[in-house]
Amino acid sequence: MKILIVKLSSLGDVVHAMPAVQDILRARPEAQIDWVVERGFAPLVQRCQGVHRIIASDLRRWRKAPFGVETRRAWRAFKAELQQEQYDAVIDLQGLTKSALVAWLARLSPGGQRYGLANQTEGSSFEAPARWVAHRAITLPAHCHAVTRSRLLCTQAFDYPLPQALTYGLQATPGRHGAADRPWQTPVALVHGTSRADKQWPLAHWRALAQRLNDARFGVVLPHGSPAEEKVAQQIALNLPQAQVWPRLGLDQLTDALSVCAGVIGVDSGLSHIAVALDLPHVQIYNFDTAWRTGPLPGSTRQCSVFAQPTPSVDAVWQAWLGVLPDTAAA
């Protein structure tokens, strides 16, 4: 059985779709699963266990110059690669016009079908063409976690019960991350960067938290993805004895680097979702009451979210961190 997953972006959304792949393979171990994703996120999908082929798109870049010579050439190449296979099922997990277009272009085997969302779920984007393209549009609960949304769609597409076990299948290779050596053994990654300014945590809070971690004999490591984020990382690390600003790393290197950390404390961002997928001790910081949709799922003893307005306090985040640590580490 050949299955095509269409989940193009963004980073957190791609991570949230990974458990659905693991569910399918548990129910249909003979399945061959391919995945269409934005090129920038392809290195992460390469780490998702069970994905056979990755088809990288550049839709974000192409729409900036839709009629340019280079865009038309690249689009033809993408379409040719997409249509190399015939699929028994094409699953649009995104529910947008762009993902519907990709699903529509994919070739079906005789009797093959396209599946997609029939409705918008609370807090998630949805566009009508996603429903029109699908042979079977599946209605999901309006109040639905991002991970559960993808999993439920696939359970109905392939007629299997929702597994109790939740696995992401995100594989890391510790020791191959390219980050600088550190003089301490238990670093905690502070994920301060986010694409939205209203999701940020105050710089003074980060510095106070980093100091507490150092006082508790945890080192601090600081990833970043832009010059602005690097500047903030340097400000957090300033004058701290055990703090290191990582060099700029690709997604695959970041995944490896995070996997050997004692845990992660971060805002609602793609890297925080990677920490959850790696099953690291993790605290996710929210300035909005949206953790029910994108944060760690209830029931986890290793990850939790902290929400307050205008922003959670350092004490609240610190207590949450102590709560997700293994007893030996907390001691």
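This is a predicted model: local features need pLDDT of at least 70, side-chain atom pairs count only at pLDDT 80 or more; totals for chains, interfaces and linings use all residues.

Biologist: How many disulfides does the model contain?

Modeller: In general, a disulfide is a covalent bond between the sulfur atoms of two cysteines. Here the cut-off matters, since a pair of cysteine sulfur atoms has to lie within 2.5 Å, and by that rule the count comes to zero. Cys48 is accordingly in no disulfide, the nearest cysteine sulfur being that of Cys154, 12 Å away.

Biologist: Turning to helix packing, how do the axes of α1 and α11 lie, roughly parallel or roughly antiparallel?

Modeller: The general idea is to take the angle between the two N-to-C directions. The axes of α1, residues 11-27, and α11, residues 270-277, come within 8 Å and cross at roughly 20 degrees. Because angles under 35 degrees count as roughly parallel, α1 is described as roughly parallel to α11. The crossing of α1 past α11 is left-handed.

Biologist: Which residues make the contact?

Modeller: From α1 they are Leu11, Gly12, Val15 and His16, and from α11 they are Gly270, Leu271, His273, Ile274 and Ala277. Sorted by class, the contact of α1 with α11 has five nonpolar and four polar residues, and no charged ones.

Biologist: Is His273 buried or exposed?

Modeller: His273, which is found in helix α11, has a relative accessible area of 6% and is therefore buried. Leaving aside neighbours within four places in sequence, His273 is in contact with Gly12, Val15 and His16, and also with Asp268, Gln284, Tyr286 and Thr294. Separation in sequence and in space can be read side by side: His273 and Arg151 are 122 residues apart along the chain and 16 Å apart from C-alpha to C-alpha.

Biologist: Where is Thr71 found, and which residues does Thr71 contact?

Modeller: Thr71 is found in helix α4, residues 69-82, and counts as buried because its relative accessibility is 10%. With neighbours within four places in sequence set aside, Thr71 is in contact with Trp62, Ala65 and Pro66.

Conventions:
Residues are numbered from 1 along each chain as its sequence is written. Side-chain values use heavy atoms; hydrogens and water are left out. Axes are lines fitted to C-alpha atoms, for helices over the stretch in contact, and angles run from 0 to 180 degrees between N-to-C directions. Helices (H or I, at least four residues) and strands (E, at least two) are DSSP runs, numbered from the N terminus. Angles under 35 degrees count as roughly parallel, over 145 as roughly antiparallel, 65 to 115 as roughly perpendicular and the rest as oblique. A crossing is left-handed if the near helix is turned anticlockwise from the far one by less than a right angle, and right-handed if clockwise. Contact means heavy atoms within 4.5 Å. Ala, Val, Leu, Ile, Met, Phe, Trp, Tyr, Cys and Pro count as nonpolar, Asp, Glu, Lys and Arg as charged, and the others, Gly among them, as polar. Buried means under 20% relative accessible area, exposed over 50%, partly exposed in between (1.4 Å probe, protein chains only).
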